[in-house]
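Thank you all for coming; I would like to walk through one structure with you this morning.

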Amino acid sequence: MLPETIQLETLRQKIEDSEYEAGDRSDYLSYGKPNPAQAKQAQELIEKLKEDSKAARAELNQLLGSLRAQQPQAVEEWVNYHAGLLQKIIDEKTEAVITPRKTWRKKPCKTGIRFAQANWIM
């Protein structure tokens, strides 16, 4: 794999990781019942993670623009890498690759609302 392709993927993963962690902290604020100090700390972290994600997106967009002009084979390799991963999932016929699990609450929760959760195991 070309070094530029790895650079693209590293930035994509950085964005994904930042946004995942920001979402996790947001859930903590919503459902974790933090005390005021914990809530402030979580909110500050969320803001930092959003800024990190925004900066990484800008860097990724700039790199993509540069590579499209100067080294399109790196962009093509990156796209083909992801297309190949998705194609493997599509082509696989066994339940070992993607197994959906649905979980239903058997009793109403405190709010009286039932929910469904689907988890994808890959």
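Predicted model: local features only at pLDDT ≥ 70, side-chain atom pairs only at ≥ 80, totals over all residues.

Let me begin with a polar contact of 2.5 Å, which the side chain of Thr5 makes with the side chain of Glu77. By a polar contact I mean a pair of N or O atoms within 3.5 Å, where, within protein, one must be able to donate a hydrogen and the other to accept it, and where residues adjacent in sequence count only if both atoms are side-chain atoms.

Residues are numbered from 1 along each chain as its sequence is written, and side-chain values use heavy atoms, with hydrogens and water left out.

Thr5 is found in helix H1, and here helices (H or I, at least four residues) and strands (E, at least two) are DSSP runs, numbered from the N terminus. Is Thr5 buried or exposed? With a relative accessibility of 1%, Thr5 counts as buried, the term being used for under 20% relative accessible area, with exposed for over 50% and partly exposed in between (1.4 Å probe, protein chains only). If we set aside neighbours within four places in sequence, Thr5 is in contact with Ala74, Glu77 and Trp78, contact meaning heavy atoms within 4.5 Å.

Glu9 is also a residue of helix H1, and Glu9 is buried, at a relative accessible area of 9%. The side chains of Glu9 and Trp78 are joined by a polar contact of 2.8 Å, and, not counting residues up to four places away in sequence, Glu9 touches Trp78, Tyr81 and His82.

Now to the helices themselves. H1 and helix H3 (residues 72-91) pack at an angle of about 55 degrees, their axes being 8 Å apart; axes are lines fitted to C-alpha atoms, for helices over the stretch in contact, and angles run from 0 to 180 degrees between N-to-C directions. H1 and H3 are therefore oblique to each other, since angles under 35 degrees count as roughly parallel, over 145 as roughly antiparallel, 65 to 115 as roughly perpendicular and the rest as oblique. On the H1 side the contact is made by Glu4, Thr5, Leu8, Glu9 and Arg12, and on the H3 side by Ala74, Val75, Glu77, Trp78, Tyr81 and His82.

What about the other partner? Helix H1 (residues 3-31) packs with helix H2 (residues 36-70) at an angle of about 160 degrees, with axes 8 Å apart, and H1 and H2 are therefore roughly antiparallel to each other.

Leu11, found in helix H1, counts as buried at 7% relative accessibility. Leaving out residues up to four places away in sequence, Leu11 touches Ala56, Glu59, Leu60 and Leu63. Of these, Glu59 is 48 residues from Leu11 in sequence and 7.8 Å from Leu11 in space, C-alpha to C-alpha.

Lys33 is exposed, with a relative accessible area of 73%. Most residues other than glycine have a negative phi, whereas phi of Lys33 is near 55 degrees, a positive value.
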